[in-house]
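Here is a short report on a protein model. Look at the sequence and the structure first, then read on.

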Amino acid sequence: LKFGSKEGAISYPTESTSVIPQRSVAVQRRNTSELLQRSIAVTAMATPPAGAASPVALGERQPLLSPDQKLGATPTSLLDDEWDSTHYDITKMTSWAVFGMVTGCAWDNYSLWRCTGCAILLSCTVAVIIVFIPHSSLVAPEKVEKMGTFLNVFVGLLLGFFLSSSMNRWYRCVSAFLELLDAVRSMQMQMIALGVTQERANMLSRYGLLSAWLLHISLHMDANDGIPDETAEAHHSSANAKRLWQSLERKRPGLVLPSEKELLMKHDESYALLWTWVASLIGRMAQNGEIPPMPSPTYGRILNIVQQAYGSIRDVRALHLIKAPFIYVHTLAILVHVNNILNAVGFGLVLGIALLQVVGKETVYTRSSWANVCCSLFMQFCFSMVAPLLYLALLEVSVCVAQPFTYQDAKIPAFKFLKGLEEDLKNAAAMGDDPPHWDKPCFKTK
């Protein structure tokens, strides 16, 4: 393909020229011969005495995504179980369309409206009592209106601090989980740059992907099960291990070999111990000459990736298991509910005094008019009912955000991250196996 019609114009070789296809054919023949030689060598080394094929070799030749496990054909039941709290249109937050966004919001919680209903019931009870108490008109409405509002500012300040710390905790948990996935991608990139065989690279990528899946399933199992009793801790641990691997086989089948599963099921934190296998495999590859030797900086860089992955797992587990101190969260919750009760009682007193004025038993206000009664009730309703409702919503949001693996409304979209990781690994492996204009790198000399 020539740019311009004059002589001497610069021409760039493309697929239509005869230069690249000839070289591509030569490269493909050379790669095919190399793969055949490696396959013969691996088969000769891994052939069992009985003549059967080695399960490890067959497992590593299997791609990360089989034809029936393509990311575009994810089961609908799995997608329904995963709520993505970060998938929304942020442009609607600045308009009144935000009132129509109900799914996943704080107002969609049953506990919030249950507490509000109890507060309304308490206010109505107090109002009925005030109506039947003699001489209740001697109570000054102005003083009653201030009874339940003295805690509003203090509770709002404490809730602001708690919400800020909960959001920081949520972001740190997401960052630690993403660091684990980035470590898997970095490990694959190092293996591609060093020209490691496809069997070794697939094994390392599969171990990293298996670790991420096990961590994701384990965190959600801990959130659903809660804290077990000490007497049944051993039985609970073995039952959780079986459920963990059953859930893995249901959500992501074909990711672990039977021999590996048998060894990993003996340990609780198998997702972290998998990186011990990765470190051991890296050391063996260095001794075999497949990657640079142990004293080299490249080997240290690869081990840093392993340590990064292991550290990110520990961070996620720590953020999940170590909650805010009970005395702090309990005191804050008590203050919010006490403020709600006091405001409900104050609104009930004002409502009862207003009913006395409406019924006509007493003359409470200086100017007997419907306007004064309605205005007083509306103002007291805003201060004593709406404001505590907002504080309850803030407490609900703070508790949900503080535990990103426990509550559905603030759950980390881990499945979306894992799906993106598998897609990245598949694309990177395809691109690394077929360079456009050069041969694949190979550190190990033949």
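## Overall build

Of the 446 residues of the protein, 38% count as buried. Buried means under 20% relative accessible area, exposed means over 50%, and partly exposed lies in between (1.4 Å probe, protein chains only). The model is predicted: local features need pLDDT of at least 70, side-chain atom pairs count only at pLDDT 80 or more, and totals for chains, interfaces and linings use all residues. Residues are numbered from 1 along each chain as its sequence is written, and side-chain values use heavy atoms, with hydrogens and water left out.

The protein has 14 helices and 0 strands. Helices (H or I, at least four residues) and strands (E, at least two) are DSSP runs, numbered from the N terminus.

## A nonpolar patch on the surface

Which residues form a nonpolar patch on the surface? They are Trp107, Trp113, Phe381, Val386 and Leu390, with about 470 Å² of accessible area together. Accessible areas come from the Shrake-Rupley method with a 1.4 Å probe; for residues, only the protein chains shown count as cover. Patches are made of residues with over 30% relative accessible area and no salt bridge; like charges are joined within 9 Å, and nonpolar side chains (Val, Leu, Ile, Met, Phe, Trp, Tyr) within 5 Å. A salt bridge is a side-chain nitrogen of Lys or Arg within 4 Å of a carboxyl oxygen of Asp or Glu.

Helix H13 (residues 370-402) gives the largest share of the patch, 3 residues. Phe381 lies in helix H13. Phe381 is partly exposed because its relative accessible area is 37%.

## The largest pocket

Rolling a probe the size of a water molecule over the atoms shows where empty space is left. The search uses a 1 Å grid over the protein atoms alone. A cavity is a set of points where a 1.4 Å probe fits but cannot get out. A pocket is an open set with protein on both sides within 12 Å along at least five of seven lines. Lining residues have an atom within 4 Å of a point. Grid points are joined across faces, edges and corners, and a volume is the space filled by probe spheres set on the points.

The largest pocket holds about 970 Å³ of space. It is lined by 28 residues, and the closest to its centre are Ser85, Gly104, Cys105, Ala106 and Asp409. H13 gives the most to this lining, with 6 residues. By class, the lining has 20 nonpolar, 6 polar and 2 charged residues. Here Ala, Val, Leu, Ile, Met, Phe, Trp, Tyr, Cys and Pro count as nonpolar, Asp, Glu, Lys and Arg as charged, and the others, Gly among them, as polar.

## Two cavities

How many cavities of 30 Å³ or more does the structure hold? There are 2. About 180 Å³ of space lies in the largest cavity. Of its 15 lining residues, the closest to the centre are Ile192, Val196, Gln198, Ala201 and Asp433. The lining divides into 6 nonpolar, 7 polar and 2 charged residues.

The second largest cavity has a volume of about 30 Å³. Its lining includes Thr116, Met385 and Pro388. H13 supplies the largest share, 4 residues. No charged residues are found in this lining. Thr116 sits in helix H4 and counts as buried because its relative accessibility is 13%. The C-alpha atoms of Thr116 and Pro388 are separated by 8.6 Å, though the two residues are 272 residues apart along the chain.
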